[in-house]
Amino acid sequence: MRIHHRRLSALATIASLAAVSVLAAACGSSDDDNESSGKVTITVEGWRPGDEQGTIDAVNKQAEAFMKENPDIVVKPVEWEWNAETFATQLAGGQLPTTFRVPFTDTKGLAERQQIADVTDDVNALPYAEDFNPSVLAAAQGTDGKIYGLPTDVYGVGLHYNRDLFEQAGLDPDQPPTTWDEVEADAKAIADKTDAAGYVQMSTNNTGGWMLTTLTYALGGRMENEDGTEASIDNDATKQGLEMLQTMRWVDDSMGSNTNFEWGTINEAFAAGKIGMYMSGSDVYNALVTTNQVDPDSYGLAALPLSDSPDAGILGGGSVAAVSAKASPAEQEAAVKWNDFYRERKNYDPDAAVADAEVLKASDQPIGTPTLPIFDQDTWQQVQDAIKPYVNVPRDQMTSFTDGVFDQQLVPEPAAHTQEVYGILDSVVQKVLTDENADIDSLLADANDKAQALLG
Amino acid sequence: MSSLLARARAAAPPVVFLLPMLLVFGLFSWWPIVRSFVMSVQQTNLVTDPVFVGLDNFRAVLDDPLLATAVQNTLWFALLALVIGYPVPLVLAVIMSDLRRARGLYSLLAYLPVVVPPAVAVLLWRFFYDAEPTGVFNSVLGWVGLGPVPWLEDPSWAMPSLVIEATWAAAGGTVIIYLAALVSVPPELYDAAEVDGAGVLSKVWHVTLPHLRGIMLITLILQIIGTSQVFLEPYLFTDGGPDNATLTVLLLVYDYAFANTTGGDYGKATALSLMLAGALALMSVVYFRVTRRWSE
């Protein structure tokens, strides 16, 4: 009996130790052993949640082609979308794809906090490393001058409008507004004659600040000085922009009653025909098609109206394909190779652009949505010419933008604490859109103080 | 086989059988609590090595002008929930306990919202709260010549709108608790009251409520603790807006940790969480001290 007791206690102890080690293993990071087999496995940002099957097929096809070209690398595309709220915990928990795109505005902060990998050597090994437009490459560089990813797409903000609603309101869909006064008048016409809101602007999750900054640029103002050391939120252009919103919302009643919109929800509402006009990146048409199934015939894209101010310009931004700080050197190298293959080469090499267009065509994906040059304008033009036969987006409904954008000054987003400043501006936009008596001057003075406190 | 199990049971110390439970509870409940104490005095982004910063995080939280807004909003939510949300389940339970027929059906109807996943419920209510005159609630109000109401679109309307949805979502659970307590009221007391000529209201006042007093005090403190930690509704409906009108303490904790795109301030977030937990614990102790005499 005594012996039995001992043996059973020992057994129980072993069993519980085993349980502990299983739990510990489950909690610990699962270090990849894939390099021991001679192959490197990486997960990559594939498609957005809610994307149609064609988008998924197209990415998977590209992954297969890539693995044929690089037999030592296994690529697994996964569903992923940049979301600031989950990024840091995904990174800490080892749940991030090996490579993913982050907005221009976030690269420097992420690099500073060592949350994305320094891939300078891998990028410099690419044949076109010397040819990047320096101001675009700067978006992928940290304050230490090292390169933290590949800038893969550049947009300028445009005015997206619903051609059907223009017609219903008695407006000419081929003559989109070219001044902000016309935007205001057209918005009122749409609101008066249809059930839709004439003009809507994003307001939450930092997009309110992003779009107020866009409006400010269009009217010739700036939110910060170039070094990002001085806040200038209380400038005349921002004030003028907010006064215009105030008039449209409360006097003209042309912005509808719902004001709580961000990037995804405003796309949804626009695709559903509830919005006449809104500002967003020039490349948003892709998402409108693959995620929101917009009717191509109803879609129009106009150049953003600019004021006469010599400083007036359109806000430009983009994405950097970055690599997780937790990736091993071999995984980092593989990730940059994939980004070169899947995202960058088509921006540089006309043959690669054609090959990419072939795949997109086979899965019925949008081809030819307006973008801006990542390299020089000649390279961009050659690529555009090469894919011309494949273009399936309604380019003739985007001529106002494509004809006008190269005459417009492209202004980068505020240099320092960009998203935090946008967060401060969110409140200002929300206040103006939800409170008829909002005092714009004091709102801006207050926001400027808060921003200045951040900039130091 | 069974004799082996019996022998194991006889031989192994009880702690062995408790071990799996202790492990899970320790790992998923107590370890995070201990970690949050540690993180509240650190600056960390969960990737690089944390830096010890003493009480800086607590100071930074107390210096944040948004803290006052968040505390005010949370108190406002708690007060509204008390005024709107606290009597609703009590009234429902008293009415339902008086029903003779189909009581099960009414219990089901009252409890159903609790079964609906909260995120789904919020999505549903966002439709109802559409501020356009064509929105669900506004259409209904329009039939009787009222509205349209800017449910979530106006700083002064937003919070009451959240409370209405939260009450709808949570009332069912409390109704069940009250119903169970009401069963324990001896029916003779009602008969006696009736003989004395008591109407429905005075029966409720003199018989039902005194019997429910103990339960009501518990549900009250549970509700206060619950509403002080309100997060889901402001996060999903309004994200704290418009203009921070629905920013609550827990949402501020969340914003510290996750809303900043370049990596959160987990130190500040845990510092504020601990301060909230401390305040609630203190309040609970005071509450039970004060009400001890009443509930006996």
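Two residues are in contact if their C-beta atoms, placed from the backbone, lie within 7 Å. With that in hand, let's work through some exercises. This is a predicted model, in which local features need pLDDT of at least 70 and side-chain atom pairs count only at pLDDT 80 or more, while totals for chains, interfaces and linings use all residues. Residues are numbered from 1 along each chain as its sequence is written, and chains are lettered from A and ligands numbered from 1 in the order in which they are written.

**Exercise 1.** Describe the overall build of chain A.

Solution. Start with the elements: chain A has 18 helices and 9 strands, where helices (H or I, at least four residues) and strands (E, at least two) are DSSP runs, numbered from the N terminus. Next, take the contacts of chain A with a separation of 6 or more: 79% of them join residues 24 or more positions apart.

**Exercise 2.** A:Asn206 and A:Gln293 both have a positive phi. Find where each sits, and whether it is buried or exposed.

Solution. First, some background: most residues other than glycine have a negative phi. Phi of A:Asn206 is near 75 degrees. A:Asn206 is in the loop between strand 5 (197-199) and helix 9 (207-218) of chain A, and it is buried, with 24 other C-beta atoms within 10 Å. Phi of A:Gln293 is about 50 degrees. This residue lies in the loop between helix 12 (284-290) and strand 7 (299-303) of chain A, and it is exposed, with 11 C-beta neighbours inside 10 Å.

**Exercise 3.** Work out what chain A brings to its contact with chain B.

Solution. Count the residues: 35 come from chain A and 35 from chain B. Then find the elements: helix 1 (2-27), helix 3 (84-92), helix 4 (104-112) and helix 17 (418-434) of chain A each supply at least two residues of the side touching chain B. Helix 1 gives the largest share, 9 residues.

**Exercise 4.** Locate the cis peptide bond that joins B:Gly241 and B:Pro242.

Solution. Check the angle: omega is about -10 degrees. Then place the proline: B:Pro242 lies in the loop between helix 12 (232-238) and helix 13 (249-259) of chain B.

Definitions and conventions: A residue is buried if 20 or more other C-beta atoms lie within 10 Å of its own, exposed if 12 or fewer, and partly exposed in between; C-beta atoms are placed from the backbone.
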